[in-house]
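Morning, everyone. Have a look at it first.

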Amino acid sequence: MSSTSSAPATPGSSIIIPQFVRRAFHDTEVVNAVSGSMAGALTATFVCPLDVLKTRLQVQRIGSVRNTGIAGGLRGIVRADGYAGLYRGLGPTLMALLPNWAVYFTVYDRLKHSLAASHGKGPHPPTTSWMHM
């Protein structure tokens, strides 16, 4: 058995996808882990500028705080450190959160299916609101 597939990934594409990768994405745990990691990365990237601003406001002395609001604070960070300053600390945040979200999504889905099965709802959980709480 070949370890790679000779079929292109998409029509018109010449990328060869290894068979183990194709099999992995049919596994719900892998799909949930990758989805959770991607969601966590996207969230952390969008929220990082606000986290940087929050941290800088927390370490300021009370007398030195000027009430410039969120937009003024973000402008001050860009002025002082450039746009890269808005994303200071994103690397360690991603390293900490990606595994966390991967495990969270995987465990959540597994528990959801287990609870549905224990309530006699079959292998697929119902789409009622109590299952999402």
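α2 and α4 cross in a right-handed sense. This is a predicted model, by the way. α2 covers residues 28–59 and α4 covers residues 90–118. Their axes come within 7 Å, and the crossing angle is roughly 140 degrees.

Who makes the contact? On the α2 side, the residues are E29, N32, A33, S35, G36, S37, A39, G40, A41, A44, T45 and C48. On the α4 side, we have L90, T93, L94, L97, L98, W101, A102, F105, T106, D109 and R110. Sorted by class, this α2 and α4 contact holds 12 nonpolar, 8 polar and 3 charged residues.

Now the charges. Side chains of opposite charge can pair when their charged atoms come close. How many salt bridges does a search of the whole structure find? It finds 4. R110 sits in α4 and E29 in α2. They are 81 residues apart, so the pair links distant parts of the chain.

Next, α2 again, with another partner. How do α2 and α3 pack? Their axes are 10 Å apart, at an angle of about 90 degrees. That makes α2 roughly perpendicular to α3. From α2, the residues are P49, L50, V52, L53 and R56. They meet I70, G73, L74, I77 and D81 of α3. By class, the α2 and α3 contact has 7 nonpolar, 1 polar and 2 charged residues.

Last topic: confidence. The chain averages a pLDDT of 78, and 69% of the residues score at least 70. Which element has the highest mean, and which the lowest? Helix α3, residues 69–81, has the highest, at 91. Strand β1, residues 4–8, has the lowest, at 49.

Two stretches need a flag. Over residues 1–6, pLDDT stays under 50. The model still gives that stretch 13 contacts beyond four places in sequence. Over residues 129–133, the pLDDT is also below 50. There, the model has 9 contacts beyond near neighbours in sequence. Where pLDDT is low, the predicted coordinates should not be read in detail.

That's my set. Over to you.

Technical notes:
Residues are numbered from 1 along each chain as its sequence is written. This is a predicted model: local features need pLDDT of at least 70, side-chain atom pairs count only at pLDDT 80 or more; totals for chains, interfaces and linings use all residues. Side-chain values use heavy atoms; hydrogens and water are left out. Axes are lines fitted to C-alpha atoms, for helices over the stretch in contact, and angles run from 0 to 180 degrees between N-to-C directions. Helices (H or I, at least four residues) and strands (E, at least two) are DSSP runs, numbered from the N terminus. A crossing is left-handed if the near helix is turned anticlockwise from the far one by less than a right angle, and right-handed if clockwise. Contact means heavy atoms within 4.5 Å. Ala, Val, Leu, Ile, Met, Phe, Trp, Tyr, Cys and Pro count as nonpolar, Asp, Glu, Lys and Arg as charged, and the others, Gly among them, as polar. pLDDT is the predictor's confidence in each residue, from 0 to 100. A salt bridge is a side-chain nitrogen of Lys or Arg within 4 Å of a carboxyl oxygen of Asp or Glu. Angles under 35 degrees count as roughly parallel, over 145 as roughly antiparallel, 65 to 115 as roughly perpendicular and the rest as oblique.
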